[in-house]
Amino acid sequence: MIFNEKMETMPQEELRKLQLEGLKKTLKRIKESHSIFKEKYKDINPEDIKSLDDIKYIPILQKDELRKAYPFKHIIAEEKDWHRMHMSSGTTGDPIINVMTKNDLEQWGEIMARCYSAAGVTNKDRVQITPSFGLFNGGFGFHYGAERIGAFIIPIGAGRSRLQLKFMDDLKTTVLCAIASYPLRLMEVAKDIGFDFEKTDLKTAILGAETWSDELRDRIEEEMGVDTYDIIGMTETGGVGMGIDCEAKNGIHVWEDHYIVEIVNPDTMEVVEDGIEGEMLITTITREGLPLLRYRTRDITKIVSREKCDCGRTHLRVGRLKGRTDDMFKVKGVNFYPSQIESILMKYKNLTPYYNIVLEKIKGKGALTIVAERRNGFRHEELDKLSNELYDFLGFHCQIQIVPEGTIERPAGKAVRVIDKR
Ligand SMILES: [Zn+2]
């Protein structure tokens, strides 16, 4: 089902026109505001932008610039229009605050409703929302969208895994919304208490906020008996819901009447050709509180297609996020992302979905240890096979530590995969 037929199936030429207008309008609004970014764009004017290609003359926006503007110096909207805020979960320094106006909350509800519809969710569904309702945007985003499509909402929030399972069963949940690694915890608790997902009405899981490999996806679908959908979006862009994959499962649609996507080479910032991997830049064209021009998301992906999708939507599709430029590692001259290691590990059904990638310096040289958890039945031959497979991928031998199930910490929020001791 398509939530907003007119916008979601709009021909690409018309979307381009909307984007050009939206881009000029956004630049104008920033330049006319009290935000510190007035200065950043002083050399470029809306009338200089004749076509979407001219976006390249607009300077790139970095995460640090937003962080330095803490708390509100980057906000464009007038204070009287401020309605609510969410905040990025920065690990260092000040967080980034996104102040949302009433229209921003409307826009959020709209794009989230589209995401639910793309995942086949209707007003007949019962939606269990497991991300937290608070400074993190997840809970509220899922809530607004579910309200818009008229589904029954179970706003349980984060944690309390046993209660989550109890509700899933007793309240007949059909749709689970979660941070991508949370189903792993639910699967584990289910096993402990003898809970059977097959006997529930659960059919769909909408997952995001973390990079999760295709192999982990297969495992969740298999063990929970659900169809999963990969949803993207971050606090800076206005929260979860910027895009989602559809039933065609051939890339993530990004709502182009609200966002302009560019994929660039992260070293040169030059736009790369479709199909080539690079860093995703996002320009928002309808956001009011914190509009972004060419924002470096740090997410690595590629344009999969600009053609009309089998689902009927015309909005472009990007690949599932492979990782972030800041979590790419270099060990012994080899660059890799944690998700690539995950892809290899998850093929082994006798390993749990929990693992750590430990980076160390031994005698001045980089060393890599992969800690994985075995289930009963993990055989020695499998370890040899895993070791060979990792060697084929990395081109060097890493340490592999197989530990008993339950050894690796299960955090309440986002999964901690990498331990960097260098
Ligand atoms: Zn589609």
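Student: How many residues of helix 5 are buried?
Tutor: 13 of the 17 are buried, so helix 5 is largely enclosed by the rest of the structure. Buried means 20 or more other C-beta atoms, placed from the backbone, within 10 Å of the residue's own. Helices are DSSP runs of H or I, at least four residues, and strands are runs of E, at least two, numbered from the N terminus. This is a predicted model: local features need pLDDT of at least 70, side-chain atom pairs 80 or more, while totals for chains, interfaces and linings use all residues. Residues are numbered from 1 along each chain as its sequence is written.

Student: What follows helix 5?
Tutor: Gly120, with a positive phi near 80°.

Student: New topic. What is the strand order in the open sheet?
Tutor: It runs 4-3-5-6-7-8-9-14-13, 9 strands with mixed pairing. Paired strands share at least two DSSP bridges.

Student: Which strands stand at the edges?
Tutor: Strand 4 (152-154) and strand 13 (303-305). Each has a single partner strand, so one side of each has no neighbour in the sheet.

Student: And strands 8 and 9, parallel or antiparallel?
Tutor: Antiparallel, joined by 3 bridges. Ile244 in strand 8 (243-245) stands opposite His253 in strand 9.

Student: Where are the domain bounds?
Tutor: Domain 1 covers 1-324 and domain 2 covers 328-420. The bounds come from an automatic or database assignment. The C-alpha centres of the two domains lie 29 Å apart.

Methods:
A residue is buried if 20 or more other C-beta atoms lie within 10 Å of its own, exposed if 12 or fewer, and partly exposed in between; C-beta atoms are placed from the backbone.
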